[in-house]
Amino acid sequence: MQQGELFGDGVRQCAVLRPGRQHGSVVLRCRWPDGTPAVLKLSPDRALLTKQVEMLRVFAPSGRVPTVLSADAQAGAMVLEEVLPGTEAEDMPQTSLPQQWGELLAALHAVTPPAHWPLDLRGRCDEAFVRIGRRLSEPAIGARIDQAAWQGAIRRCETLLDSQARLVLLHGDLHLGNVLDGGPSRGLIAIDPKACIGDPCFDAVDYVVAGAGQEGVEARCQRVATACGLDGDRLYAWSRVIAPMAAIAHLTYDGPEPVIDERLALSC
């Protein structure tokens, strides 16, 4: 099948600018027939791509996700508007980022969850602990994170899930690499949502844990909680849940020791 057959004249007139790979998908920069900068995303996992399209459309009223220009579930393809300038949040000026993160969360969390939305934060966390927990059997990881620390994180997570009060539609995977600069008129734009219903603190926790080795997780937690209007104690508790998972990611790619050490200390 030629690319042009996916969306008729739309993709046929797209000029590929730059290829890339993301989470098992192929991502190509292109242009829509009217000249709109766009992104063509192809995935062999049609069910996953269909769910991604649904989630982006659910969050569309927020104005804080890319617009879906077209989608073809059978072909495993979708075309999104390109976010410009598109700088990842990690590379943006850090002084104003907490406030911008708070504005992003406010917009996303104001979206009314669809009736009977099947995914919740408990399921998201259960899946993550099972999937990532398998890696404790790897010598390099097991040497730094033991079962006691892992089980402690699971217990803290269950306590937080059992005490959820305000429930919102979460992005569900809102780390610095999934947030792009949409320019002054749009603010931060979130990509690749894993939408689920749960505690609003969860959408800030990856950003908080990323403060390890920089200003520190506790200091960043205070700044982010204030900017986002979140319960600082709950947000810090969530950081202790996520910290061992983040430490495993850095252990995998030989991340800086100060970052790993701070995250491991949070896990205790």
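Predicted model: local features only at pLDDT ≥ 70, side-chain atom pairs only at ≥ 80, totals over all residues.
Trainee: How should I read D254, as buried or exposed?
Mentor: Go by relative accessible area with a 1.4 Å probe on protein chains only: under 20% is buried, over 50% is exposed, and anything in between is partly exposed. D254 comes out at 71%, so it counts as exposed. Residues are numbered from 1 along each chain as its sequence is written, and side-chain values use heavy atoms, without hydrogens or water.

Trainee: Where is D254 found?
Mentor: Helices (DSSP runs of H or I, at least four residues) and strands (runs of E, at least two) are numbered from the N terminus. D254 is in the loop between α10 (232–252) and α11 (257–267).

Trainee: What is the phi of D254?
Mentor: Most residues other than glycine have a negative phi, and most peptide bonds are trans. D254 has a positive phi, near 50°, and is not a glycine. D192, also a non-glycine, has a positive phi of about 50°. That residue is in the loop between β8 (188–190) and β9 (196–198), and D192 is buried at 14%.

Trainee: Which residues does a cis peptide bond join?
Mentor: Look at L84 and P85, where omega is about 5°. P85 belongs to the loop between β5 and α4 (97–109).

Trainee: How many residues of strand β5 are buried?
Mentor: In β5 (residues 77–81), 5 of the 5 are buried, so the strand is largely enclosed by the rest of the structure. A77, V79 and E81 cover one side, with M78 and L80 on the other.

Trainee: Which strand do 5 bridges join to β5?
Mentor: Two strands pair if DSSP finds at least two bridges between them. The strand you want is β3 (residues 37–42), which runs antiparallel to β5; there, K41 stands opposite M78. Strand β4 (residues 68–72) also pairs with β5 in the antiparallel sense, over 4 bridges, and V68 has L80 as its bridge partner. Follow the chain from β4 to β5 and you trace a hairpin with 4 residues between the strands, where G76 in the turn has a positive phi of about 65°.

Trainee: What lines the largest cavity?
Mentor: A cavity is a set of points, on a 1 Å grid over the protein atoms alone, where a 1.4 Å probe fits but cannot get out; lining residues have an atom within 4 Å of a point. Points are joined across faces, edges and corners, and the volume is the space filled by probe spheres set on them. The structure holds 1 cavity of 30 Å³ or more, and the largest has a volume of about 40 Å³. Its lining includes K41, M78, L80 and D192. The elements giving two or more residues to this lining are α3 (46–59) and β5.

Trainee: How many aromatic pairs are there?
Mentor: Rings of Phe, Tyr and Trp (its six-membered ring) pair if their centres lie within 6.5 Å; planes under 30 degrees apart are stacked, over 60 edge-to-face, and the rest tilted. The count here is 3. One of them is F129 with W150, edge-to-face at 5.3 Å centre to centre and 75° between the planes. F129 is buried at 8%, and W150 is buried at 3%.

Definitions and conventions: 1 Å grid on protein atoms, 1.4 Å probe; cavity = no way out; pocket = protein on both sides within 12 Å on 5 of 7 lines; lining within 4 Å.
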